[in-house]
Amino acid sequence: VQDAASGRDPGSRGDDGSRQHWKEEIVRIVGEIQAPLSPLLLRLCHWLLPKLLSRLFLGVQLHRGQLEMVLQAARTPEVPLVFLCSHQSQLDGLLLSFVLLSQGIGVPRVTVGARTSPRLRSLLQHLGGIFLPSGMAQAWSDRDEGLPGAVLDAYVQEVLRSCQPLVLFLEEPPASLQLADPARRWLLRVLRALRDGAVPDVLIVPVGIAYDVAP
């Protein structure tokens, strides 16, 4: 992150004013990616979700054998879980988060698409949603991600080091059957964390969600 900041302004290494400017810029970028988890909102959603789901669906089925394998993987010491999920509905993130939390795996960090209102974005951030910073909204062909890319690299490394479950949705919009640009950027961060030795290993868990009728 320091290299990315100093690369924009060659004089920033020795200039206190420039250093303060880049610190403020880094804090702003981190604020776009995530917000502190809200225990009150999490408890409220954990209480409301079963009531909501029971009204939307006749039933939710889990593959018990596969769930046992995930629980066994979650007990592996100091190895983070990265869930790669197909995207069928806007409810996928809520469903998967509810399952992981109810099974004792923990509150996951869930990548969320950019097509959200500011109020919904703020709510999702407090519930574990994470977003690409605005400086990375350009097309995938633009490989110079600059300071936002460096901050995102550092952020994903810290999430993996702390063994927080990370959920990456591969398509955007849902059911497009094509790897989306945001998914490429998130996957690149996980690969870089492994390449740079930020974490010794990552357990990749493929997740499939299917609906009789997608909501």
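**The largest nonpolar core**

Author: The largest nonpolar core holds 24 residues, and I33, V82, L160, L166, L168 and W186 have the most contacts inside it. At least two of its residues come from each of α2, β1 (81-85), α7, β4 (166-169) and α8 (181-195). The largest share, 7 residues, is supplied by α7.

Some terms first. A nonpolar core is a set of buried Ala, Val, Leu, Ile, Met, Phe, Trp, Tyr and Cys residues joined through side-chain atoms within 4.5 Å. Buried means under 20% relative accessible area, exposed over 50%, and partly exposed in between, with a 1.4 Å probe and protein chains only. Helices (H or I, at least four residues) and strands (E, at least two) are DSSP runs numbered from the N terminus. The model is a predicted one, in which local features need pLDDT of at least 70 and side-chain atom pairs count only at pLDDT 80 or more, while totals for chains, interfaces and linings use all residues. Residues are numbered from 1 along each chain as its sequence is written, and side-chain values use heavy atoms, with hydrogens and water left out.

Take L168 as a way in. Leaving aside residues up to four places away in sequence, L168 touches V82, F83, L84, C85, T111, W186, L187 and V190 (contact means heavy atoms within 4.5 Å). Another core, of 23 residues, lies apart from the largest one; L53, L96, V205 and V207 are among its members.

Now the helices. α2 (residues 16-33) packs against α7 (residues 146-161) at an angle of about 60°, with axes 10 Å apart. Axes are lines fitted to C-alpha atoms, for helices over the stretch in contact, and angles run from 0 to 180 degrees between N-to-C directions. On the α2 side the contact uses W22, E25, I26, I29, V30 and I33, and on the α7 side L147, P148, V151, L152 and Y155. This contact has 10 nonpolar, no polar and 1 charged residues (Ala, Val, Leu, Ile, Met, Phe, Trp, Tyr, Cys and Pro count as nonpolar, Asp, Glu, Lys and Arg as charged, and the others, Gly among them, as polar).

α7 also packs with α8, at about 65° and with axes 9 Å apart, again in a right-handed crossing. G149, L152, D153, V156, Q157 and L160 of α7 meet W186, R189, V190, R192 and A193 of α8. By class, these are 6 nonpolar, 2 polar and 3 charged residues.

β1 and β4 belong to an open sheet of 5 strands in the order β3-β2-β4-β1-β5, with parallel pairing. β3 (129-130) and β5 (203-207) are the edge strands with a single partner each, so one side of each has no neighbour in the sheet. Two strands pair if DSSP finds at least two bridges between them; β1 and β5 pair over 5 bridges. F83 stands opposite V205 in β5. Helix α5 (residues 92-102) packs on this sheet and touches β1, β2 (109-111), β4 and β5, its direction making about 155° with that of β4.

One loop leads from α7 to β4, and C163 lies in it. C163 has a positive phi of about 60° although it is not a glycine, and is partly exposed, with a relative accessible area of 32%.

How values were computed:
A crossing is left-handed if the near helix is turned anticlockwise from the far one by less than a right angle, and right-handed if clockwise.
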